[in-house]
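Grab a pencil and work through these exercises on helix packing and a chain interface. Each task comes with a solution that goes step by step.

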Amino acid sequence: CHTSGMLTPNRKEYAQKIPREELTHLILKLLQAWKEPLSHFNQHIEHHQELPDDSLSKAKQISNMVHELKTGVEKMQSMGIISNSLNGMASSEAAGLSISNEANMMSDSDFIHCFRRDSNKVQSYLKVLKCRIMPENSC
Amino acid sequence: MKQKLRSSVQIILLFALTAVGLTGQSYPGKPKIIRCRSLEKETFSCWWKPGSDGGLPTNYTLFYSKDSEEKIYECPDYGMSGPNSCYFDKNHTNPWTTYNITVMATNEIGSNSSDPQYVDVTSIVQPDAPVNLSLETKTSASTMYLWAKWSPPPLAHVTSNSHVYRYEIRLKPEEKEEWETVSVGVQTQYKVNRLQAGVKYVAQVRCMLDTGEWSEWSSERHIRIPNGESPPEKPTIIKCRSPEKETFTCWWKPGSDGGHPTNYTLLYSKEGEERVYECPDYKTAGPNSCYFDKKHTSFWTIYNITVKATNEIGSNVSDPLYVDVTYIVQTDPPVNVTLELKKTVNRKPYLVLTWSPPPLADVRSGWLTLDYELRLKPEEAEEWETIFVGQQTHYKMFSLNPGKKYIVQIHCKPDHHGSWSEWSLEKFIQIPTDFRIKDMVVWIIVGVLSSLICLVMSWTMALKGYRMIAFILPPVPGPKITGIDTHLLETGKSEELLSALGCHGFPPTSDCEELLIEYLEVEDSEDQQLMPRHDNGHPSKNAKMIAKETDSDSGRGSCDSPSLLSEKCRESRAILSTLQTQDIRDVQENNGGRHWETQCIASEQKILLFNHESTKSSTWPAAQLPDNQPPMFAYHSTVDAHKITLCTINVNIAPVLAENEEKHQPQYPITETVHDNMEKQREMENLYSKTDQATVQVKQNRPNDKSPFLKPTLMDYVEVHKVRQDEEPAVLLKHKENSGKTEKYTVPGTSKEYTKVSTVVDHNILVLMPDSRIQHISVSQEPAMETSQNLQQGQAEKNMSYCLTVPSECKRETSASEYMDPSSFIPAFK
């Protein structure tokens, strides 16, 4: 996966220890890293006639969701919800990742596999973050 | 002869051949029964092989008979065992009978029948072969042996599985020819000891029921006996699981060990790394397992796991398994499941369930998020109702039935990835029945009230049912115009009607009396001839009436003594009937519907006693009178009057009888002539005899005669107008018209009613008292016709008494006839 190079906590302890800002940064980085490949992928599968329409719309839906998620996290970050200090870290680094060709050379199954894993990562990190920020809500 | 036969046969053959030659068709060939077989002694099938079909579509039918019976049956099921077969199911199979089976092939041209086959079910039993034969080598104490296991043959059509099979197993090395057969008994497994190592064996098994034949041999199974020098077999990894998304465990299944102790090692490598690690922990999770603790567990990386089996000879490696731990999470079931019953505002119970996540799962940090699902059902129900709850750990259930016991279970799953856990332990909850006191009280009150009402009603019905009925369904009153006889109306005699209405003189014959009593002119002769007065119709009625006279009186004469009638009247019944008829008719004509007299002809006594038995014996209520006679008294009350009928003999009938009668002579003439009353009056001799006649005595006190008994004078028979049975029971007697017939009797004056019963004598004699107060009105003519009673009444009103007795002997159908013997009567007439 093109995001394999990113250093992300792969255990619960690491996820709990890592500072919130860094975690948020990681989340954003991940989301950003997938923005471009997703749109590319959508373009790619549109030409695949054998896929049912559901898949195509689903793929579009997913890329929208990723984009919204990223926007939301950025907003939270800028509002200072996540951390006590305003932090407007640019994620140019992530942007660089996404442009790389590596993403474009993946096969479809690898693409899906990598995306699944990274989305799971993002989800887990967000949940950990949520329980760290607001522990009373179903944590 | 022979030649003829021969030639005819030849001709037939020729025809057949030409037929065949021309068309190529013939009757079918002979079918042949191949075999019959029973799988389990409870059903059996027979298969046949068709012969040639003769070119035409052929139908095959199977016929059979049992033992030596004559009756032939047809196959119950043709298709079950395939084409050209017949299946005898449980109901048609009798193990102790011999079946005689034949198959007949039929086509358009003709038919052909197979040879009969005699089938004894017990001898054709052959089960199917056993199934699922499995072979395994096991080593114990450095000896190797072979475990063979199998299952009995499946039975499709028969439900009962209580068949005991005996088995046989045979095996041989692959290359050899000879089988070694071992009888196993009823077990479905067998251990083979003497094995040659390193040799490939093949095994088969077959079975048999207690009767019949052995089944076929099952399909072959091969197994290679590992000799002492072979490496172990390849193990297989069963599964890997993480209970809390922090650690995980893998289990594997070893293969055969090749005769030597084998070591198993689990080796893994991570994604992107080349390095191979060995399992950190073989013990924690049990035998043939590997436990990866927290430190060794990495998420979002793929593990490449293999298991290697090693023994002295060599080793073998299993197939690799690629595992990403995030996707293999399966937790324990939720714990601390509590069920609580609470009540809503409306006092309806609802169930509150709460539970906790499994202890190992760390939900607090958000690292693992669980979704829950619960299921419940009433205790006796079959199906569970599953409800997805989500991530909350509580739930409220409202739609539960009171009075039922429910079972609840919960399980959980990590959201998005992973598997559902096992269900938690069953929890029971009993929903209490909703017992509102208010409702119960209401129902109890309703029940009590309704039962009370029922009781009251039934009680009142019992006591006063009659009156109630009368109250509820009052009897329809007839048109009670005095003087009009309903019967008259029914019969539609206009004349009488009009006369009743008061048309003087209109009716040619009648006097518009309200009551006309006809009298027959009786000749005093032995002949007992009675001259019918009128020739009217309605004979039937009288006849009927007469027929009813079944008095069994003692025979004494009395006004209407049954005995008299019975004895004397029988002979002349016909005449009597005629007379009566006419009488009645007359009466009717003359608007005298009340005809109650029956006349009895007493030969000796020459007493004609008209006595309407029926009417007499009928009770007062007119309703009782059958249609034959117009009721004497148009009484429509349902009064159950005393069965009194007054024998009213108009005119001159001087019934008598009483104790004193004997002393007297037949003094009471019975005169019946409607018109000629006067003359006839005396003619009638009414003889009531004597004595204990139940008779109706009408005693009239003559003037100056206080004697309560009959005087030897004319007794007057009064028609009873009505019987009032209300507070003042009274018998209202009609006053007779007495127009001049008997001077004696003519008594102008008020009509009298004899209403009061002064006494009852002897239990069967009513002594009436006239009631002069009551005016008897109705018909205008009436005053003109006053009976002698009136005459006498004036004098002895009070003492007039009419005895109404109910003669016991008098018989009619219903009761004793009643007679009235008026002491004096004035014949009534028109």
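Before we start: axes are lines fitted to C-alpha atoms, for helices over the stretch in contact, and angles run from 0 to 180 degrees between N-to-C directions. Helices (H or I, at least four residues) and strands (E, at least two) are DSSP runs, numbered from the N terminus. This is a predicted model, where local features need pLDDT of at least 70 and side-chain atom pairs count only at pLDDT 80 or more, while totals for chains, interfaces and linings use all residues. Residues are numbered from 1 along each chain as its sequence is written, chains are lettered from A and ligands numbered from 1 in the order in which they are written, and side-chain values use heavy atoms, with hydrogens and water left out.

**Exercise 1.** Work out how helix 3 of chain A sits against helix 6 of chain A.

Step 1: their axes come within 13 Å and cross at roughly 30°. That makes helix 3 of chain A roughly parallel to helix 6 of chain A (angles under 35 degrees count as roughly parallel, over 145 as roughly antiparallel, 65 to 115 as roughly perpendicular and the rest as oblique).

Step 2: on contact (heavy atoms within 4.5 Å), helix 3 of chain A brings I62(A), V66(A), L69(A) and V73(A), and helix 6 of chain A brings F115(A), V122(A) and L126(A). By class, that's seven nonpolar, no polar and no charged residues. Here Ala, Val, Leu, Ile, Met, Phe, Trp, Tyr, Cys and Pro count as nonpolar, Asp, Glu, Lys and Arg as charged, and the others, Gly among them, as polar.

**Exercise 2.** Now do helix 2 of chain A against helix 3 of chain A, then against helix 6 of chain A.

Step 1: helix 2 (residues 20-46) and helix 3 (residues 53-79) of chain A pack at about 155°, axes 9 Å apart. That makes this pair roughly antiparallel. Their contact has eleven nonpolar, six polar and five charged residues.

Step 2: with helix 6 (residues 108-133) of chain A, helix 2 of chain A makes an angle of about 150°, axes 10 Å apart. Helix 2 and helix 6 of chain A are therefore roughly antiparallel as well. The class count is 17 nonpolar, two polar and five charged residues.

**Exercise 3.** How much area do chain A and chain B bury between them?

Step 1: chain A puts in 19 residues and chain B 24.

Step 2: the two bury about 2000 Å², 48% of it on carbon and sulfur atoms (buried area is the accessible area, 1.4 Å probe, that two parts lose on being put together, summed over both). On the chain A side, R11(A), K12(A) and R117(A) lose the most area to chain B, together 31% of what that side buries.
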